[in-house]
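Please go through the sheet and the aromatic pairs of the model shown here.

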Amino acid sequence: MTRYPNIPKPIRSGIVLIDPERGTPQRIIVLQFNPDTLERSLTPQSAGGSGDSGGGGAGNGDRNEALRLKGPAQETWKFTAEIDATDQLEIAAPDGIHPQLAVLEMLVHPTVAQLREATRNAQKGAIEISPIEMPLTLFTWGSKRVMPVRITELSINESAFDVNLNPIRATLSIGLKVLTVSDLPAGHRGAELYLAHLAQKERLAGAARAGSLGALGLNPGHIGAGAAAGPGRR
(Lines give C-alpha, C1' and ligand atoms only; values in the text may rest on other atoms or scores of the structure.)
Protein backbone atom coordinates (compact mmCIF):
# COMPACT_ATOMS: atom_id res chain seq x y z
CA MET A 1 0.00 0.00 0.00
CA THR A 2 1.34 3.42 -0.95
CA ARG A 3 1.44 5.91 1.91
CA TYR A 4 1.83 9.66 1.82
CA PRO A 5 3.22 10.61 5.24
CA ASN A 6 3.67 14.27 4.31
CA ILE A 7 -0.01 14.89 3.62
CA PRO A 8 -1.49 16.57 6.71
CA LYS A 9 -4.55 15.02 8.24
CA PRO A 10 -7.67 17.20 8.04
CA ILE A 11 -8.75 18.87 11.25
CA ARG A 12 -12.01 17.46 12.56
CA SER A 13 -14.84 19.42 14.10
CA GLY A 14 -16.18 18.20 17.40
CA ILE A 15 -17.64 18.74 20.84
CA VAL A 16 -15.75 18.97 24.12
CA LEU A 17 -17.40 18.57 27.54
CA ILE A 18 -15.64 20.70 30.16
CA ASP A 19 -15.79 20.61 33.93
CA PRO A 20 -16.92 24.21 34.60
CA GLU A 21 -15.12 24.30 37.95
CA ARG A 22 -11.73 22.79 37.04
CA GLY A 23 -11.74 23.56 33.32
CA THR A 24 -10.57 20.05 32.47
CA PRO A 25 -12.03 18.14 29.49
CA GLN A 26 -14.40 15.37 30.60
CA ARG A 27 -15.11 13.99 27.15
CA ILE A 28 -14.03 14.76 23.59
CA ILE A 29 -16.38 13.88 20.72
CA VAL A 30 -14.74 13.98 17.30
CA LEU A 31 -17.18 14.02 14.39
CA GLN A 32 -16.40 11.21 11.96
CA PHE A 33 -16.92 13.47 8.93
CA ASN A 34 -16.85 17.25 8.83
CA PRO A 35 -20.25 18.62 7.75
CA ASP A 36 -20.36 19.87 4.16
CA THR A 37 -22.30 23.00 5.11
CA LEU A 38 -22.97 25.15 8.15
CA GLU A 39 -26.02 27.34 8.69
CA ARG A 40 -25.38 30.24 11.06
CA SER A 41 -27.86 32.87 12.20
CA LEU A 42 -27.08 36.03 14.16
CA THR A 43 -29.83 38.14 15.72
CA PRO A 44 -28.72 41.54 17.12
CA GLN A 45 -29.87 42.46 20.62
CA SER A 46 -31.00 45.96 19.73
CA ALA A 47 -31.73 48.33 22.58
CA GLY A 48 -34.56 49.97 20.62
CA GLY A 49 -36.62 46.78 20.58
CA SER A 50 -38.67 45.28 17.78
CA GLY A 51 -41.23 48.07 18.02
CA ASP A 52 -38.75 50.60 16.63
CA SER A 53 -39.51 49.96 12.99
CA GLY A 54 -38.01 53.18 11.65
CA GLY A 55 -40.75 53.34 9.01
CA GLY A 56 -41.83 56.95 9.13
CA GLY A 57 -42.54 57.16 12.85
CA ALA A 58 -44.71 54.07 13.04
CA GLY A 59 -42.42 52.36 15.56
CA ASN A 60 -42.76 52.75 19.31
CA GLY A 61 -39.05 52.45 20.16
CA ASP A 62 -36.83 55.19 21.57
CA ARG A 63 -35.04 56.90 18.68
CA ASN A 64 -32.07 57.60 20.94
CA GLU A 65 -31.55 53.82 21.22
CA ALA A 66 -31.57 53.05 17.49
CA LEU A 67 -27.80 52.49 17.29
CA ARG A 68 -27.33 50.86 20.68
CA LEU A 69 -26.90 47.18 21.50
CA LYS A 70 -27.89 45.53 24.78
CA GLY A 71 -25.33 42.78 24.38
CA PRO A 72 -23.80 40.32 21.93
CA ALA A 73 -25.89 38.94 19.12
CA GLN A 74 -27.81 35.72 19.66
CA GLU A 75 -26.08 33.19 17.43
CA THR A 76 -27.30 29.76 16.38
CA TRP A 77 -25.66 27.04 14.32
CA LYS A 78 -27.21 24.16 12.38
CA PHE A 79 -25.42 21.38 10.55
CA THR A 80 -25.77 17.77 9.48
CA ALA A 81 -23.35 15.13 10.73
CA GLU A 82 -22.92 11.56 9.53
CA ILE A 83 -21.86 8.38 11.33
CA ASP A 84 -21.04 5.31 9.25
CA ALA A 85 -19.60 2.10 10.73
CA THR A 86 -18.91 0.73 7.25
CA ASP A 87 -16.32 3.46 6.72
CA GLN A 88 -14.29 2.08 9.62
CA LEU A 89 -14.26 -1.64 8.95
CA GLU A 90 -10.91 -2.03 10.68
CA ILE A 91 -12.59 -1.07 13.98
CA ALA A 92 -14.73 -3.73 15.66
CA ALA A 93 -18.31 -2.55 16.09
CA PRO A 94 -20.36 -5.32 17.76
CA ASP A 95 -22.98 -2.73 18.75
CA GLY A 96 -22.95 -0.88 15.45
CA ILE A 97 -22.97 2.87 16.02
CA HIS A 98 -25.06 2.63 19.20
CA PRO A 99 -22.12 3.94 21.32
CA GLN A 100 -21.52 6.98 19.10
CA LEU A 101 -25.23 7.83 19.07
CA ALA A 102 -25.51 7.35 22.83
CA VAL A 103 -22.63 9.76 23.46
CA LEU A 104 -24.41 12.48 21.49
CA GLU A 105 -27.79 11.73 23.06
CA MET A 106 -26.32 12.03 26.55
CA LEU A 107 -25.56 15.66 25.73
CA VAL A 108 -29.28 16.34 26.25
CA HIS A 109 -29.99 13.80 29.01
CA PRO A 110 -29.10 13.97 32.70
CA THR A 111 -27.47 10.84 34.08
CA VAL A 112 -29.32 8.15 36.05
CA ALA A 113 -27.39 9.17 39.17
CA GLN A 114 -28.50 12.79 38.79
CA LEU A 115 -32.12 11.77 38.32
CA ARG A 116 -32.02 9.49 41.37
CA GLU A 117 -30.49 12.28 43.45
CA ALA A 118 -33.24 14.67 42.36
CA THR A 119 -35.87 12.05 43.30
CA ARG A 120 -34.30 11.54 46.74
CA ASN A 121 -34.32 15.28 47.37
CA ALA A 122 -37.98 15.48 46.38
CA GLN A 123 -38.87 12.57 48.69
CA LYS A 124 -37.08 14.31 51.55
CA GLY A 125 -39.46 17.22 51.14
CA ALA A 126 -37.08 19.69 49.52
CA ILE A 127 -39.08 22.81 48.81
CA GLU A 128 -37.21 23.61 45.63
CA ILE A 129 -35.33 21.19 43.41
CA SER A 130 -32.59 22.93 41.45
CA PRO A 131 -32.41 22.06 37.76
CA ILE A 132 -29.70 19.55 36.97
CA GLU A 133 -26.50 21.21 35.77
CA MET A 134 -24.83 19.68 32.76
CA PRO A 135 -21.14 19.94 31.84
CA LEU A 136 -20.02 23.00 29.91
CA THR A 137 -20.24 22.12 26.20
CA LEU A 138 -17.84 23.55 23.64
CA PHE A 139 -18.23 23.27 19.88
CA THR A 140 -15.00 23.43 17.91
CA TRP A 141 -14.57 24.16 14.23
CA GLY A 142 -10.84 24.56 13.87
CA SER A 143 -8.69 26.71 16.12
CA LYS A 144 -10.51 29.95 15.21
CA ARG A 145 -13.95 28.79 16.31
CA VAL A 146 -14.12 27.41 19.84
CA MET A 147 -17.29 28.49 21.61
CA PRO A 148 -19.56 27.50 24.51
CA VAL A 149 -22.89 26.16 23.28
CA ARG A 150 -26.12 24.55 24.32
CA ILE A 151 -27.64 21.77 22.22
CA THR A 152 -31.05 22.95 21.04
CA GLU A 153 -31.84 20.26 18.48
CA LEU A 154 -30.76 16.67 17.92
CA SER A 155 -32.59 14.77 15.20
CA ILE A 156 -31.36 11.29 14.22
CA ASN A 157 -32.17 9.46 10.98
CA GLU A 158 -30.91 5.85 11.11
CA SER A 159 -30.65 4.48 7.58
CA ALA A 160 -28.93 1.07 7.78
CA PHE A 161 -28.75 -1.79 10.28
CA ASP A 162 -26.81 -5.01 10.80
CA VAL A 163 -28.36 -8.47 11.28
CA ASN A 164 -28.91 -7.73 14.97
CA LEU A 165 -30.71 -4.47 14.15
CA ASN A 166 -27.84 -2.36 15.45
CA PRO A 167 -27.73 0.90 13.49
CA ILE A 168 -24.63 1.13 11.31
CA ARG A 169 -25.34 4.38 9.46
CA ALA A 170 -27.11 7.54 10.60
CA THR A 171 -27.51 11.19 9.71
CA LEU A 172 -27.87 13.70 12.52
CA SER A 173 -29.29 17.21 12.39
CA ILE A 174 -27.70 19.23 15.19
CA GLY A 175 -28.73 22.69 16.35
CA LEU A 176 -26.61 24.79 18.70
CA LYS A 177 -27.07 28.07 20.52
CA VAL A 178 -23.86 29.94 21.27
CA LEU A 179 -23.81 30.88 24.96
CA THR A 180 -22.68 34.46 25.54
CA VAL A 181 -22.04 36.68 28.54
CA SER A 182 -25.78 37.40 28.45
CA ASP A 183 -26.48 33.72 29.17
CA LEU A 184 -23.75 32.92 31.71
CA PRO A 185 -22.87 34.53 35.05
CA ALA A 186 -19.88 36.85 35.29
CA GLY A 187 -16.69 34.93 35.94
CA HIS A 188 -18.08 31.65 34.61
CA ARG A 189 -15.55 29.70 32.57
CA GLY A 190 -17.98 29.58 29.67
CA ALA A 191 -18.31 33.38 29.70
CA GLU A 192 -14.52 33.74 29.49
CA LEU A 193 -14.40 31.26 26.61
CA TYR A 194 -17.07 33.26 24.80
CA LEU A 195 -15.08 36.47 25.25
CA ALA A 196 -12.04 34.71 23.79
CA HIS A 197 -14.21 33.60 20.85
CA LEU A 198 -15.45 37.18 20.33
CA ALA A 199 -11.89 38.53 20.58
CA GLN A 200 -10.90 36.13 17.81
CA LYS A 201 -13.65 37.62 15.63
CA GLU A 202 -12.30 41.10 16.34
CA ARG A 203 -8.79 40.05 15.29
CA LEU A 204 -10.08 38.51 12.07
CA ALA A 205 -12.17 41.59 11.31
CA GLY A 206 -9.09 43.75 11.82
CA ALA A 207 -7.17 41.66 9.28
CA ALA A 208 -9.77 42.23 6.54
CA ARG A 209 -8.75 44.72 3.85
CA ALA A 210 -10.75 47.92 4.08
CA GLY A 211 -12.85 49.08 1.15
CA SER A 212 -13.00 52.53 -0.37
CA LEU A 213 -15.79 55.00 -1.01
CA GLY A 214 -14.73 55.14 -4.66
CA ALA A 215 -15.59 51.47 -5.07
CA LEU A 216 -19.14 52.38 -4.04
CA GLY A 217 -19.33 55.32 -6.43
CA LEU A 218 -19.23 57.77 -3.53
CA ASN A 219 -16.95 60.53 -2.28
CA PRO A 220 -16.59 62.00 1.24
CA GLY A 221 -19.17 64.66 0.43
CA HIS A 222 -21.89 62.05 0.11
CA ILE A 223 -21.61 60.95 3.73
CA GLY A 224 -20.04 63.93 5.45
CA ALA A 225 -21.38 67.30 6.52
CA GLY A 226 -22.80 67.92 3.05
CA ALA A 227 -25.13 64.96 3.35
CA ALA A 228 -26.25 66.09 6.79
CA ALA A 229 -27.37 69.43 5.33
CA GLY A 230 -30.23 67.70 3.52
CA PRO A 231 -31.31 67.50 -0.10
CA GLY A 232 -32.28 71.18 -0.26
CA ARG A 233 -28.67 72.36 0.03
CA ARG A 234 -26.31 71.93 -2.95
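Q: What is the strand order of the open sheet?
A: This is a predicted model, in which local features need pLDDT of at least 70, side-chain atom pairs count only at pLDDT 80 or more, and totals for chains, interfaces and linings use all residues. Residues are numbered from 1 along each chain as its sequence is written, and side-chain values use heavy atoms, with hydrogens and water left out. Strands are DSSP runs (E, at least two residues) numbered from the N terminus, and two of them pair if DSSP finds at least two bridges between them. The open sheet has 7 strands with antiparallel pairing, in the order E2-E1-E5-E6-E7-E4-E3.

Q: Which strands stand at the edges?
A: An edge strand here has a single partner strand, so one side of each is left without a neighbour in the sheet. These are strand E2 (25–30) and strand E3 (38–46).

Q: Which residue in E2 is the bridge partner of isoleucine 15?
A: Strand E1 (residues 14–18) and E2 run antiparallel and are joined by 5 bridges. In E2, isoleucine 15 has as its bridge partner isoleucine 29.

Q: How many residues apart in sequence are the parts tied together by the pair of tryptophan 77 and phenylalanine 139?
A: The two rings form an aromatic pair (centres within 6.5 Å), with 5.5 Å centre to centre and 70 degrees between the planes, which is edge-to-face (over 60 degrees). Both tryptophan 77 and phenylalanine 139 are buried, that is, under 20% relative accessible area with a 1.4 Å probe, protein chains only. Tryptophan 77 lies in strand E4 (residues 69–84) and phenylalanine 139 in strand E5 (residues 136–140), so the parts tied together are 62 residues apart.

Terms used
Phe/Tyr/Trp six-rings, centres within 6.5 Å; stacked < 30°, edge-to-face > 60°. Helix = DSSP H or I, 4+ residues; strand = E, 2+ residues; numbered from the N terminus. Buried < 20%, exposed > 50% of the residue type's maximum accessible area, 1.4 Å probe, protein only.
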